[in-house]
Amino acid sequence: MAVTRGFLGRRPAESSRVPPGQYLTRDFPVLSAGPTPHTPLDKWDFTIRGTVDEPVSWSWAEFQALPHEKVTVDIHCVTKWTKLDTTWSGVSLDTLLNAASGQASHALAFCDGGYTTNVPLADLRGGKAWIVDEYYGRPLDPEHGGPARLLVPHLYFWKSAKWIRGVELRSADQPGFWEMFGYHNYGDPWKEQRYQGD
Ligand SMILES: Nc1nc2c(c(=O)[nH]1)N[C@H]1C(S)=C(S)[C@@H](COP(=O)(O)O)O[C@H]1N2
Ligand SMILES: [Mo]
């Protein structure tokens with residue numbers, strides 16, 4: 001207890017880490033727009049395609065061999081829960097995007113099951129986004145996006161696409177699944193960009 005407090009004490013107070021309109025939860029709710037896909041790892045790959053000189057793919061084994069980093073971040077769902085200090089392990093999008101060359105400005109994440117979500121490329125770069133395959137040191141649960149999901153914690157959590165299979169790079173923005181149904185195109189939790197017009 002004392003150790004935990006001392007550690008947290010070096011971070012800003014919990015209340016200042018909760019964006020406007022959000023409440024703190026210690027649970028980890030599951031929010032999926034459809035059934036949980038179960039893609040075998042030998043059928044899994046991660047692909048960067050679209051506005052690139054050459055598409056690039058990693059098999060599961062190749063993805064595992066990429067440098068992984070441990071990240072501890074706060075996550076914010078548009079349904080108003082915020083969860084502090086979630087710990088993941090994954091590959092930085094910087095590592096993956098550096099393997100593809102091109103002139104894209106935006107990315108559309110695509111997933112098993114058909115979910116998509118759009119993110120400006122700048123928001124995937126600079127140590128702000130990861131493809132994570134572990135949660136608290138264990139393989140990511142299928143319900144939470146396993147084998148691998150996008151983690152882009154500075155945006156509302158619907159941008160953190162579960163069961164991700166790759167990103168399509170584009171020279172123009174294109175709305176993803178929830179963005180077409182009226183969610184905000186960008187989704188900054190600190191500006192409460194929940195829905196179109198916010
Ligand atoms: N493929 C896919 N990714 C998804 C979703 C989804 O329905 N399908 N839901 C999004 C939403 S709205 C949220 S809040 C988070 C929920 O992640 P969790 O179920 O791990 O809490 O996943 C996001 N990623
Ligand atoms: Mo969500």
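Reply: Contact means heavy atoms within 4.5 Å. This is a predicted model, in which local features need pLDDT of at least 70 and side-chain atom pairs count only at pLDDT 80 or more, while totals for chains, interfaces and linings use all residues. Side-chain values use heavy atoms, with hydrogens and water left out, residues are numbered from 1 along each chain as its sequence is written, and chains are lettered from A and ligands numbered from 1 in the order in which they are written.

Me: Which residues does tryptophan 58 touch, not counting residues up to four places away in sequence?
Reply: Tryptophan 58 belongs to strand β3, strands (E, at least two residues) and helices (H or I, at least four) being DSSP runs numbered from the N terminus. Its relative accessible area is 10%, so tryptophan 58 is buried; buried means under 20%, exposed over 50% and partly exposed in between, with a 1.4 Å probe and protein chains only. Phenylalanine 46, 12 residues away in sequence, has its C-alpha 5.2 Å from that of tryptophan 58. The residues touched are Trp44, Asp45, Phe46, Ile48, Phe63, Leu66, Leu96 and Ala99.

Me: What radius of gyration does the chain have?
Reply: The radius is taken over C-alpha atoms, and the globule rule is 2.2 Å times the number of residues to the power 0.38. For 198 residues, a compact globule would have a value near 16 Å, and the chain agrees with this at 17 Å.

Me: Which residues touch the most other members of the largest nonpolar core?
Reply: A nonpolar core is a set of buried Ala, Val, Leu, Ile, Met, Phe, Trp, Tyr and Cys residues joined through side-chain atoms within 4.5 Å. The largest one has 36 residues, and those touching the most other members are Ile48, Leu96, Leu124, Ile131, Leu150 and Leu169.

Me: Is leucine 84 buried or exposed?
Reply: Leucine 84 is placed in strand β5 (residues 81–92). Beyond four places in sequence, it is in contact with Glu14, Arg17, Leu24, Val73 and Asp74. Because its relative accessibility is 15%, leucine 84 counts as buried.

Me: Which residue is joined to proline 147 by a cis peptide bond?
Reply: Proline 147 lies in the loop between β9 (138–139) and β10 (149–151). Most residues other than glycine have a negative phi, and most peptide bonds are trans. Here omega is about 15°, and the partner of proline 147 in the cis bond is glycine 146.

Me: What is the phi of tryptophan 163?
Reply: Tryptophan 163 is in the loop between β10 and β11. With a relative accessible area of 9%, this tryptophan 163 is buried. Its phi is positive although the residue is not glycine, and the value is near 55°.

Me: What relative accessibility does glutamate 192 have?
Reply: Glutamate 192 is in the segment after α4, and its phi is positive, near 50°. It counts as partly exposed, and its relative accessibility is 29%.
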